[in-house]
Amino acid sequence: MSTGPRFVWLAKTFLNTGEHMKYLLIIGDGMADGPVAELGGKTPLEAANIPTIDRLAKNGILGSTINCPKPLPAGSETAILSIFGYDPRDYFTGRSPMEAAASGILLEPGDTAYRMNLVSLEDGDIPYESRRILSHSAGSIAADDALEAVRTLEEDGTFAALLRKAQMKIYPFPAFRQIPVQHGADNAALVTIPPHDHLGEVIGPLLPTGCENAKVLDRLMREAHRVLDHAPVNERRRAAGKLPANGVWFWAQGSALQLPSFREKYGHWGGVISAVPLCHGIAALGGLEMVSVEGATGEIDTNFEGKRDKALELLHRRDMDFVCLHLEAPDECTHNGDLKGKVQSIEWLDSRILAPLFDALEKENMDYRVLLLSDHRTLMSTRGHDGSPVPFLLYDSRKPHGSSLGYSEKNAEQGPFVENGSELMRILFEQNNQNK
């Protein structure tokens, strides 16, 4: 596959610059999995053709770690905090405050942020609570349709009145992820459920519970379904063979979060490349640079080459020595039940991003260390997350030797086990002696 003229120009421009050590974090969201019958009992990582990742694993440290410590949720909200070195048992207050931070939304005392997904609920003449949730992302709804759906809600008199009564404001986002902020709610006992972990299930038992405010959220969700079910945006989507955005789903509530400065904690600074607000929110809260790439969608149609080019560009900035590149596609493919897409996205991470990126760095004789891992497991068997150990690899260009094993869940079990994933960042930066 062609690497493209911009990438070649960047590589030539920065050839032999003599930069100091660079540190690269690669997160393949949800890559890790369990055995899949359709793959002959292999996991997607075992089935995927990933020669570059395998080479790094064979010539580096290959081990396993837990990024989602119990009893916290098994998801990116805890896992990526861990990976960035912030133990979620100390810092996790909910997913949505991190996503709010990515949008510059400042939470005041007494505020609660939520994730509000646009979702697809089962069609038919059946009661609301008897409908099944078909898609946590309204069929990977695109920007224009997502924004139209939110406008439709806000322009409906009854729904708008409920928002005012709840002291809630929705901050729209051009994707299925929306951020409402509510003032003055007592959510100490509120229980909400991640929709992506219950695809295909009847929603009645999954609706918010635990406190009076749960009834407020339940009413908003029911009213949103009434407003959206036959809204013009959804009639167009159905006519085009797409899933409708005929519901909303509140979850991941949380209060204001503060994180220590990443630079002060580790003595390093850099940028975070991602299409996911959660990752950018952690970056913002830690004082790292949020880096967006045109055409990066968080899906399998994301701009792989754009992410690669941006990573190379950041690695050559003299004010940065740390770069994180996050790829959401494997996770979303799994939630969508797309096994072929999951394997393909893992292979494209290898062939379209990492192979040409490391080829350029090695031609430049740049010293670098790489930490590559899946944040959590996302299981094809359930289309949901799992907090079991995930494989990580650590590669140092100055001393290429190590495991002799390819990158997979099973092979990683033969290497060192790091009980707390929050320790990996210190290991990447060579700030303790473990596994060096």
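**Reading enclosed space and charge pairs**

Me: What amount of space lies in the largest cavity?

Reply: Rolling a probe the size of a water molecule over the atoms shows where empty space is left. In this structure the largest cavity holds about 120 Å³ of space, where a cavity is a set of points, on a 1 Å grid over the protein atoms alone, at which a 1.4 Å probe fits but cannot get out. Grid points are joined across faces, edges and corners, and the volume is the space filled by probe spheres set on the points. The model is predicted, so local features need pLDDT of at least 70 and side-chain atom pairs count only at pLDDT 80 or more, while totals for chains, interfaces and linings use all residues. Residues are numbered from 1 along each chain as its sequence is written, and side-chain values use heavy atoms, with hydrogens and water left out.

Me: Which residues lie nearest the centre of the largest cavity, and which helix gives the most to its lining?

Reply: The lining (residues with an atom within 4 Å of a point) comprises 18 residues, and Arg95, His196, Glu328, Asp331 and Glu332 lie nearest the centre. Helix H14 (329-335) supplies at least two of the lining residues, as do helix H4 (76-83) and strand E3 (111-121), and H14 gives the most, with three. By class, the lining has seven charged, seven polar and four nonpolar residues.

Me: How many salt bridges are there by this rule, and which side chain meets that of arginine 236 in a salt bridge of 4.0 Å?

Reply: Side chains of opposite charge can pair when their charged atoms come close. With a salt bridge taken as a side-chain nitrogen of Lys or Arg within 4 Å of a carboxyl oxygen of Asp or Glu, the count here is 28. One of them joins arginine 236 to aspartate 145, at 4.0 Å from N to O; because arginine 236 is in helix H10 (residues 232-239) and aspartate 145 in helix H7 (residues 143-155), this pair ties together parts that are 91 residues apart in sequence. Aspartate 145 also forms a salt bridge with arginine 237, the closest N and O atoms being 2.8 Å apart, and this pair links H7 and H10 across 92 residues.

Me: Is aspartate 145 buried or exposed?

Reply: Aspartate 145 is buried at 16% relative accessible area, buried meaning under 20%, exposed over 50% and partly exposed in between (1.4 Å probe, protein chains only). Arginine 237 is likewise buried, whereas arginine 236, at 44%, is partly exposed. Elsewhere, Glu77, Arg95, Glu99 and Arg115 are linked in a network of salt bridges.

Note on methods
1 Å grid on protein atoms, 1.4 Å probe; cavity = no way out; pocket = protein on both sides within 12 Å on 5 of 7 lines; lining within 4 Å. Helix = DSSP H or I, 4+ residues; strand = E, 2+ residues; numbered from the N terminus. Nonpolar A, V, L, I, M, F, W, Y, C, P; charged D, E, K, R; others polar.
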